[in-house]
Amino acid sequence: LELVQRHIAKTGANGLILAGIDPDDAMIAWAAEADISLVLANGVDPQMRTSSVAPANFYGAYMATQHLINAGHKRILHYTYRHRYTILQRRRGYEAAMAAAGLESTVVISNEHSSKDLLAGFLAGQYDVTAVFCWNDSVAVSMVEALMGQDSPMPDSFSIMGFDDLPIAGMANPRLSTVRVDREAIGRGVVRLLAQHLDGERAVQHLEIGLTLVEGETVRRQE
């Protein structure tokens with residue numbers, strides 16, 4: 001907060017964008033008191049105190065999970081991260097898709113089990129699953145690379161799904177299957193909301209940006 005306050009004082013700005021940062025109560029209260037228009041980029045305030053623009057995380061995760069289900073997978077594990085509300089929405093989208101298909105959810109949280117631990121569990125047969133949906137591409141790609149380097153790799157039908165379509169997903173070999181976040185659209189949405197607030201709009205708004213499926217090569221059909 002002190003860093004932001006110094007920059008605001010130095011520049012005389014009356015608008016603030018926080019990219020991928022979840023503000024604490026003190027920052028939100030300060031922005032309101034100082035009449036600073038605050039918009040979150042790639043974030044959400046569940047208490048609806050400030051406007052935000054984020055990917056449609058729930059529906060994107062639903063789409064990713066459904067893609068695995070359509071490929072014949074019935075035992076799908078979701079590897080997720082605790083704390084950020086946006087990531088929680090991805091977990092909820094996964095759980096909703098599994099419930100709609102009448103399937104049982106399996107969730108592993110990275111704060112409690114590292115990706116190395118999860119990979120070791122897969123290779124040891126600890127998890128009776130045929131696919132894993134990771135909360136982001138970085139984790140998914142590291143898992144793909146680790147599995148490809150094993151002397152006894154996972155079965156050909158084992159599938160891995162990411163989220164975000166970061167550049168690393170396109171550089172992976174095989175190309176990661178994921179859902180694409182339109183980062184430029186998020187930026188445009190943030191600018192529009194900020195401009196509206198600077199023009200006097202006081203209503204808190206949340207804008208969700210749609211995602212698209214990137215089929216890639218890491219989702220294999222389960223017969």
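Trainee: Is Trp135 buried or exposed?
Mentor: Keep in mind that this is a predicted model. Buried means under 20% relative accessible area. Trp135 comes in at 12%, so Trp135 counts as buried.

Trainee: What kind of aromatic pair do Tyr81 and Trp135 form?
Mentor: The ring centres are 5.9 Å apart, and the cut-off for a pair is within 6.5 Å. The planes sit at 20 degrees, and under 30 degrees is what we want here, so the pair is stacked.

Trainee: How many residues apart are Tyr81 and Trp135?
Mentor: Tyr81 is in the loop between β4 and α4 (85-100). Trp135 is in the loop between β6 and α6, so the pair links distant parts of the chain. The separation is 54 residues.

Trainee: And what is the relative accessible area of Tyr81?
Mentor: Buried would need under 20% and exposed over 50%. Tyr81 falls in between, so Tyr81 is partly exposed, at 32%.

Trainee: How many aromatic pairs does the count come to?
Mentor: The rule takes rings of Phe, Tyr and Trp with centres within 6.5 Å. By that rule, the count comes to four.

Trainee: Which aromatic pair is edge-to-face, with 65 degrees between the planes?
Mentor: Edge-to-face takes over 60 degrees. The centres here are 5.5 Å apart. The pair is Tyr79 and Trp135.

How values were computed. Residues are numbered from 1 along each chain as its sequence is written. This is a predicted model: local features need pLDDT of at least 70, side-chain atom pairs count only at pLDDT 80 or more; totals for chains, interfaces and linings use all residues. Side-chain values use heavy atoms; hydrogens and water are left out. Rings of Phe, Tyr and Trp (its six-membered ring) pair if their centres lie within 6.5 Å; planes under 30 degrees apart count as stacked, over 60 as edge-to-face and the rest as tilted. Buried means under 20% relative accessible area, exposed over 50%, partly exposed in between (1.4 Å probe, protein chains only). Helices (H or I, at least four residues) and strands (E, at least two) are DSSP runs, numbered from the N terminus.
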